[in-house]
Amino acid sequence: MTNTICPDAFLSPLAIEEAVARALAEDFGRAGDVTSIATVPADLTGRAFVVAREAGVICGLPLVEAAFRRLDADVRLDAHARDGETVAAKTVLMTVEGNARALLGAERTALNFLGHLSGIATATAAFVRLIAGTRARVCCTRKTTPGLRALQKYAVRCGGGFNHRFGLDDAILIKDNHIAVAGGVRAVLARARAVAGHLVKIEIEVDTLDQLREVLDAGLADVVLLDNMDPATLTKAVGLVAGRLVTEASGGITHASAAAIAATGVDYLSSGAITHSSVNLDVGLDIEM
């Protein structure tokens, strides 16, 4: 089978196997697929086609493969697309041949992953198109479905977006509550810089231009998150930063507002909606016997 991983992204095979095993265990429960066991002969084989019912950016084919292989180690799979590819409606993405019970048992798990992740990739690609021609990049946040973060962030990359931090442990992001507890902008940055390793970036959130000026005066941050600022204020903020820090706009950014925000000159637009509110891409499985 050809490689179905997006060429411009990365995803651990361990994340794939763990997610698929958990999803199949949830679906099969204590007794397995009682419907297929009752109605389908154990040795019957069949062929199925994984199909995109609508146009979009595909993501999740490695999980489709893993779902079928987990139930039938001898299954034959032939991929006609790969993650990150934009396809038209009615495109056949994969042909699967194997045990009929396995095809039926893995169907819903495979399609759940494929539809969900393709929806995220498609929504991300729409953001990317809207901000084309600017310096800005779109990135996701930690507003992900528990247990699916690695997969959802992979889907963002398949759609042409970029990832923010994966968790609380791979970067320092100082939010408004951290500032309040630590006693102010300069104090919180000083504490963070004192313990940050040389590969750990420090980002701080600001709500006003006055706060931004404090951050710039302190000279201890790497990135500034400009939270819930309108385009006019963002333009002023970018001018104040003057390239000294990486700038990130955040807060309720949608397809409707993305172009205007990107035009302010910010480096990144972060959107939680990409992962928490994207609509599934319509995909299906057509079986032949």
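This briefing walks through a predicted protein model, from its overall build down to a few single residues. Because the model is predicted, local features need pLDDT of at least 70 and side-chain atom pairs count only at pLDDT 80 or more, while totals for chains, interfaces and linings use all residues. Residues are numbered from 1 along each chain as its sequence is written, and side-chain values use heavy atoms, with hydrogens and water left out.

**The big picture**

- The protein's secondary structure comes to eleven helices and twelve strands. Helices here are DSSP runs of H or I with at least four residues, strands are runs of E with at least two, and both are numbered from the N terminus.
- Picture a box of roughly 75 × 35 × 25 Å, taken along the principal axes: that is what the C-alpha atoms fill.
- Of the 289 residues, 49% are buried. Buried means under 20% relative accessible area, exposed means over 50%, and partly exposed is in between (1.4 Å probe, protein chains only).
- Take the contacts between residues at least 6 apart in sequence: 71% of them join residues at least 24 apart. Contact means heavy atoms within 4.5 Å.

- Helix 4 (residues 100-130) and helix 10 (residues 255-262) have axes that come within 9 Å and cross at roughly 35°. The axes are lines fitted to C-alpha atoms, for helices over the stretch in contact, and angles run from 0 to 180 degrees between N-to-C directions.
- This crossing of helix 4 and helix 10 is right-handed. A crossing gets that name if the near helix is turned clockwise from the far one by less than a right angle, and is left-handed if anticlockwise.
- Helix 4 brings Ala123, Ala126, Phe127 and Leu130 to the contact, and helix 10 brings His255, Ala258 and Ala259.
- Sorted by class, that contact has six nonpolar residues, one polar and no charged ones. Ala, Val, Leu, Ile, Met, Phe, Trp, Tyr, Cys and Pro count as nonpolar, Asp, Glu, Lys and Arg as charged, and the others, Gly among them, as polar.

**Helix 5 and what follows**

- Helix 5 (residues 149-158) is mostly covered, with eight of its ten residues buried. Among them are Lys153, Arg157 and Cys158.
- The cover over those buried residues includes helix 1 (13-28), strand 2 (56-57), helix 3 (61-71), helix 4 and helix 11 (273-276).
- After helix 5 comes Gly160, with a positive phi near 95°.
- Asn163 sits in the loop between helix 5 and strand 7 (172-174). Leaving aside neighbours within four places in sequence, Asn163 is in contact with Cys139, Cys140, Lys153, Val156 and Arg157.
- Asn163 and Thr141 are 22 residues apart along the chain, and their C-alpha atoms are separated by 7.3 Å.

**Cysteines without disulfides**

- How many disulfides does the protein have? The count is zero, where a disulfide is a pair of cysteine sulfur atoms within 2.5 Å.
- For Cys59, the closest cysteine sulfur is in Cys158 at 3.8 Å, so the two are too far apart for a bond. Cys59 is buried, at 0% relative accessibility.
- For Cys139, the closest cysteine sulfur is in Cys140 at 6.4 Å, again too far for a bond. Cys139 is buried as well, with a relative accessible area of 2%.

- Most residues other than glycine have a negative phi.
- Lys90 has a positive phi, near 75°. Lys90 lies in the loop between strand 4 (86-87) and strand 5 (91-99), and is exposed at 71% relative accessible area.
- Ala242 also has a positive phi, near 50°. Ala242 is in the loop between helix 9 (231-241) and strand 10 (246-250), and is exposed at 57%.

- Beyond neighbours within four places in sequence, the contacts of Leu234 include Leu226, Met229 and Ile261.
- Arg69, in helix 3, counts as partly exposed at 32% relative accessibility. Arg69 and Ala102 are 33 residues apart in sequence and 8.7 Å apart in space, C-alpha to C-alpha.
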